[in-house]
Amino acid sequence: MRAVSFVSRIEFEFKGNVSKNAMCLGDADNDNDYELAVGNLQGDLAIFKEGIRFPFLEAHDLGMIMVIVIGDVLNEGKNSTICISGDGLCSIFEVKNESLLEGGERKTFLHPFHVQKLPANTKVALLADVDNDGELELILGLTDHVLRTYRWVRINQDPNDFSGKLVGLHKLELADQIGSISLNPSSNGTPVILVAQSGGTYINFQCCDEQDDSVDCEVPGSKLTTPVHHPLASSRMRNPNISSEILGGLQGSVCGKPCDSLIAVATLDGTLMLVNGDEILWSFQVDHQLFAITKLDLNDDGEEEVIACSWDGQTYMVNQKRQSVRFRFEESVSSFTSGKYSVTTGKTALVLVYATFNDRVYLYYNIKLPFFPIHNFIEKMEQESEASALISKFPIDRDDKRQLANLYNFCLYEFPTELMEMEAEKRRIESEKRKIEAEKRKIEAEKMNVIMK
């Protein structure tokens, strides 16, 4: 597997342990630039902007932060930052550009405009339109195998009054531990919720209209279709208790046709799979514990690559043809994410973000790759017209790969043995000549001494 090296990075200073899902990239202040929000187990939230090493904005006393999400949770066309603690304390922040300056000084501390108590033990969250009604819902996965959905409901219609609350819509109890939650489009375009289950399996279900008789709702009026379990063939060879991660909605192609419903599944025992429904398109095994997966289009070809990170910092980037590269981050990590970030104002880049156990967060940018597979040097040179013209001047058979390899080896690394031997002989002869000349000069000097006496 080819290894890559990224050197463009920003080092942020942030103290405290960061939970696996307590790091998020997004437009937190609605200025069309992307920021990084990070929370720790001590209840501190920090928002980093551009290349500034220290937090741009901070908030404190938020509980043991487990999840951070940035998005339009109010469904009003502007983003908010949602922070959820392990004991269920949900704090929602709004960052306004015009409010960053007060009395000539920048405000560095944030205060939530809404605080609400939700069920405890939240481990993962997703903000998405799950019922295709044009409004975003907040989906929470809990450590007690429960999945819940919420929607923001405004109490009054005053645009300057944020009075409202998150109202519970659905509750679903699952048999196994929830790994992660993702969204995937169905064949008719309606969203499907994907939930990773132990052992490299997953379930999916939909939020349907109460009046829709074409779907099989588990309970009348619940708006939840019956969950469908997908065991996947390779899961039978795996520890059924191993934790899993899932990521849906990958842009790519299947059998030459565009597709936006591919699914990536990763397990803690080092298995990475690309799935289409129940069909495993490929399976990839590594020697590291994969705990997080994301997606990025690293070479602008319209197909998204799967980015999988392990606890020890090893990061794998695999395209949909199963071609892969790896990046070795030098420390163990507590949290990983990837996405977009504005390194400078108005300039957004694809980034990888690592939170370490040493009070640092590292953000790598300029990570786009020109190609994934390792190309044969001879085949690559055949595509260069100038190289072909130069090769034609040598008395070799261009169809003989061995002769081509010897020629390239000579041009890149060494001289032919015959030339080297001739050069060495030439240097030896020159050295002998110098010795003879020196001896002659010595004899002449001795003769002159005799004559003078």
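Visitor: How much accessible surface does the protein chain have?
Guide: The accessible surface is about 23,400 Å², and 50% of that belongs to carbon and sulfur atoms. Areas like this come from the Shrake-Rupley method with a 1.4 Å probe, and for residues only the protein chains shown count as cover. Keep in mind that this is a predicted model: local features need pLDDT of at least 70, side-chain atom pairs count only at pLDDT 80 or more, and totals for chains, interfaces and linings use all residues. Residues are numbered from 1 along each chain as its sequence is written, and side-chain values use heavy atoms, with hydrogens and water left out.

Visitor: OK, and how many helices and strands are there?
Guide: The protein chain has 4 helices and 31 strands. Both are DSSP runs numbered from the N terminus: helices (H or I) have at least four residues, strands (E) at least two.

Visitor: Let's pick a residue. Is serine 8 buried or exposed?
Guide: Serine 8 counts as buried because its relative accessibility is 19%. Buried means under 20% relative accessible area, exposed means over 50%, and partly exposed is in between (1.4 Å probe, protein chains only). Serine 8 lies in the loop between strand E1 (2-4) and strand E2 (9-13).

Visitor: Which residue does the side chain of serine 8 make a polar contact with?
Guide: That would be asparagine 366, side chain to side chain, at 3.2 Å. A polar contact is a pair of N or O atoms within 3.5 Å; within protein, one must be able to donate a hydrogen and the other to accept it, and residues adjacent in sequence count only if both atoms are side-chain atoms.

Visitor: New topic. How many aromatic pairs does the structure hold?
Guide: There are 13. Phenylalanine 14 and phenylalanine 48 have ring centres 6.3 Å apart and planes at 85°, so they are edge-to-face. Rings of Phe, Tyr and Trp (its six-membered ring) pair if their centres lie within 6.5 Å; planes under 30 degrees apart are stacked, over 60 edge-to-face, and the rest tilted.

Visitor: Where do those two sit?
Guide: Phenylalanine 14 is in the loop between E2 and strand E3 (23-26), while phenylalanine 48 is in strand E5 (residues 45-48), 34 residues apart. Both phenylalanine 14 and phenylalanine 48 are buried.

Visitor: What about tyrosine 354 and tyrosine 364?
Guide: They form an edge-to-face pair too, 6.0 Å centre to centre with 90° between the planes. Tyrosine 354 is in strand E30 (residues 347-356) and tyrosine 364 in strand E31 (residues 360-364), so the pair ties together parts 10 residues apart in sequence.
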